[in-house]
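Keep it brief and give the cut-offs.

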Amino acid sequence: SNAMALDFSFSGTFSSDDDVQTFNFTANGASTVTLQSYGYAGGTQADSNVVAAGGFDPILALFDNTGALIGSDDDDGGPGGSCGVQSDPVTGETFDTCLMVMLVAGDYTVAIMQYDNFATGPNLSDGFDMQGDPTFTSTFGCTNGQFCSFENNRTNAWAFDILDVDAAEVPAPGTLVLLSVSVAALAGKRRLR
C-alpha cells in the first residue's frame, strides 16, 4: 500500500505512578513527526476524541529500532512552545508535552510515563528513573497519594497523538491479536464456501 502522512491517537490509564506504556510504529519515509499529549490540560485529539483536563503530568520519549533514545519532552512550555499546548484550567500550567523530530524510514518506540519518571539512560533497556516506586508522586504533597502534580490531585488518565507519520499503519497495543483472529475467521469462512 502507498504510504502517506497519518495521525494516530492513543489514550488510557495507569494503575501506579511508575507505569510506562510503549507503542511501536514504522515510518516508511522521511517526515517531521510530532508527539503531543493532551491528558494534563485536555484538548481534542487527531481522531476527534475530546480529552478532559485533569490527568497526570506526562513525559513522552522516542526511541529508535536499536532502543537508543532519540529525544523526550516533559513540558511544551505553553503558547510559545513548539505546539502551543493548552493551559490546565485548575493549575494554569502547560505540562502537556510536544516533541517534534525529523525521522527517516525505520521502526520506532514511543514511551509515555509520568513526571519525573524519565528514561534512565541512553537506551530503552536502561529503564526509567522511578521503576519500582508505585507512589513516587506522593512526595509532591497531594492527598490521594498517587498521580500528584505538586500539591494538586490528578487522575491516572493519559492521552497523546503521533502526528504526520509517513506510514501505512500504527497498531495500538492488543489490536494485533484481534486482527489476526479476524483474518483467520475470514479465511475459515472463505474456505467453507
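The report below covers backbone, salt bridge and core in turn.

This is a predicted model, in which local features need pLDDT of at least 70, side-chain atom pairs count only at pLDDT 80 or more, and totals for chains, interfaces and linings use all residues. Residues are numbered from 1 along each chain as its sequence is written, and side-chain values use heavy atoms, with hydrogens and water left out. Strands are DSSP E runs of at least two residues and helices are H or I runs of at least four, numbered from the N terminus. Buried means under 20% relative accessible area, exposed over 50%, and partly exposed in between (1.4 Å probe, protein chains only).

**Backbone**

Tyr-115 and Asp-116 are joined by a cis peptide bond, with omega about 5°. Asp-116 sits in the loop between β9 (106–114) and β10 (148–149). Phe-147 belongs to the loop between β9 and β10. Phe-150 falls in the loop between β10 and β11 (152–153). Phe-147 has a positive phi although it is not glycine. Phe-150 also has a positive phi and is not glycine. Phe-147 is buried, whereas Phe-150 is partly exposed.

| Residue | Phi | Relative accessible area |
|---|---|---|
| Phe-147 | near 55° | 6% |
| Phe-150 | near 55° | 44% |

**Salt bridge**

A search of the whole structure gives one salt bridge, defined as a side-chain nitrogen of Lys or Arg within 4 Å of a carboxyl oxygen of Asp or Glu. The partners are Arg-154 and Asp-88, at 3.0 Å from N to O. They lie 66 residues apart and link distant parts of the chain. Arg-154 is in the loop between β11 and β12 (157–167), and Asp-88 is in the loop between β7 (69–73) and β8 (98–103). Arg-154 is buried at 5% relative accessible area. Asp-88 is buried too, at 3%.

**Nonpolar core**

A nonpolar core is a set of buried Ala, Val, Leu, Ile, Met, Phe, Trp, Tyr and Cys residues joined through side-chain atoms within 4.5 Å. The largest one has 23 residues; Phe-25, Leu-35, Leu-62, Val-110, Trp-158, Phe-160 and Ile-162 touch the most other members. Elements giving two or more residues include β1 (4–13), β2 (20–27), β3 (31–37) and β6 (58–63). β12 gives the most, with four residues. Another core, of seven residues, lies apart from this one; Ala-61, Phe-63, Ala-111 and Met-113 are among its members.

Which residues does Ile-162 touch? Leaving aside residues up to four places away in sequence, its contacts (heavy atoms within 4.5 Å) include Leu-6, Phe-8, Phe-10, Phe-25, Leu-35 and Val-110, as well as Asp-7, Val-33 and Thr-34.
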